[in-house]
Amino acid sequence: MTLIGDEAYDPYDRPPLSKQVLTGWVKADHTLLPYSDELDADWHLGVRAMGLDLAGRQVLLADGNRVQFDRLLIATGARARPWPNDAEASLEGVEVVRTRDDAAQLQRRLAARPGRVLVIGGGFTGSEVASACRELGLPVTVTERGATPLVGALGGVVGAVAAALQRDHGVDLRCGVTVTRLEGDANGRLRRAHFSDGSTLNVDVAVVALGAIRNVEWLRDSGLAVTRWGVACDAACHAFDINGLVTGNIFVAGDVARVPHPIYDYQFLSLEHWGNAVTQAKIAAHNMLSPEADRWPHLAIPTFWSTQFGVNIKSVGVPTFSDALVITQGSLAERRFVAVYGYKGRVTAAVAFDQPKWLEFYQGLIDAAAPFPPAFRTVHQPAEMRPVPPEFPKRAVSDQEATVMVTGREPYERRVRWVYRHL
């Protein structure tokens, strides 16, 4: 077995990087994952994969070497989306949080007691960074282009609770606002942020939390079905080639995988969840080592958790795959509740604020295609416990960097090849 990774460190755990590491409870270099020292593997750490030769069954490395394989698992994950202006992104004080080094650098910035921290993006990572800042007693401003924090993941109904939570903990939350420019001084240090509403703010640290970019560039022209959303694969984690055919010896797992899920109308899902990466890796490993007759499908229900401002947030299923939401337990006003999401009359997801023990029950409802609204609710209930739209923002269609063309006329000669729009 050969393992290739572009970071120079042994494998480590990422969830603590935006939580305990930033507050100083855990050092960044204390996040190593436990694994056997007797693992019989050839490690290539600190070297990037640069290409894939399908016909030759080789991975091309940045140091010029080639690694032969019989079976290959692609688990290259994703990286933090940087600030789009390179000059502004290089200012001292502009940070991202994705790797161990990122977290260690940001922790040092926060420990130096900056006058104000700006968090650009109100998703889970941005919200967790803001929470860490308030726990440290630091002034923090969060900008979110949507109506509420977490709106893209949980919808506006639950996002409104997250917004109130942030503001009650002293966060300067600015929704419907974007950062248009980051300004530095003559020494290249960040000093000021400019916003779309015309206002400005003096800041010492800016954390860019604008999502992730999947690490697929090295697979360009490899012959696999690769887009910016990841590498397409079947439920057994076999990668598709460019023609939509299943490969027999290439597997995909984790953030970089796009896999169809039967519960969600066989839509190809790309999930940036720690739990999904672990579960899918187990499926991929089994299928890599087993005969075709003993393949397992990756049918795990996605789960995700976050801790923000003293509240435990946990989800099961895919909340965005929904057309209605109902509060089945607790209260939005008390910020302790379970929100159940449904699509066309069946349960598809649930999100709990400080009610994590109930998620296994709701996962069972998703598995069983239970009716939505859930049948166990009483007829007489408060208005907030009646189904309402979840208020997700309208999904924008991104400009694709490539499309495909089909060549040949007869079935035996028709093939697909990429046509790139942007190089």
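Mentor: Let's begin with a bridge: arginine 181 has histidine 194 in E13 as its bridge partner. This is a predicted model, in which local features need pLDDT of at least 70, side-chain atom pairs count only at pLDDT 80 or more, and totals for chains, interfaces and linings use all residues. Residues are numbered from 1 along each chain as its sequence is written, and side-chain values use heavy atoms, leaving out hydrogens and water.

Trainee: What makes E12 and E13 a pair?

Mentor: Two strands pair if DSSP finds at least two bridges between them, and E12 and E13 (residues 190-195) have five, in the antiparallel sense. Another bridge joins valine 179 to phenylalanine 195 of E13.

Trainee: Why does glycine 146 count as buried?

Mentor: Its relative accessibility is 18%, and buried means under 20% relative accessible area with a 1.4 Å probe and protein chains only (exposed is over 50%, partly exposed in between). Glycine 146 sits in the loop between E10 and helix H5 (151-154). Leaving aside residues up to four places away in sequence, glycine 146 touches Val151, Cys175 and Gly176; contact means heavy atoms within 4.5 Å. Glycine 156 is 10 residues away from glycine 146 along the chain, and their C-alpha atoms are separated by 8.9 Å.

Trainee: What makes H7 a helix, and how does its reach compare with the expected one?

Mentor: Helices are DSSP runs of H or I with at least four residues (strands are runs of E with at least two), numbered from the N terminus, and H7 (residues 274-289) has 16. The expected span is 1.5 Å times one less than the number of residues.

Trainee: Which residues of H7 are buried, and what do they pack against?

Mentor: The buried ones are Gly275, Asn276, Gln280, Ile283, Ala284, His286, Asn287 and Met288. They pack against strands E6 (72-74), E20 (246-252) and E21 (257-261).

Trainee: How many cavities of 30 Å³ or more are there, and what makes a space a cavity?

Mentor: There is one of 30 Å³ or more. A cavity is a set of points, on a 1 Å grid over the protein atoms alone, where a 1.4 Å probe fits but cannot get out. The largest cavity has a volume of about 30 Å³, counted as the space filled by probe spheres set on the points, which are joined across faces, edges and corners. Val259, His261, Leu269, Leu271, Asn276, His298, Ala300 and Pro302 line the largest cavity, and lining residues have an atom within 4 Å of a point.

Notes
On a 1 Å grid over the protein atoms alone, a cavity is a set of points where a 1.4 Å probe fits but cannot get out, and a pocket is an open set with protein on both sides within 12 Å along at least five of seven lines; lining residues have an atom within 4 Å of a point.
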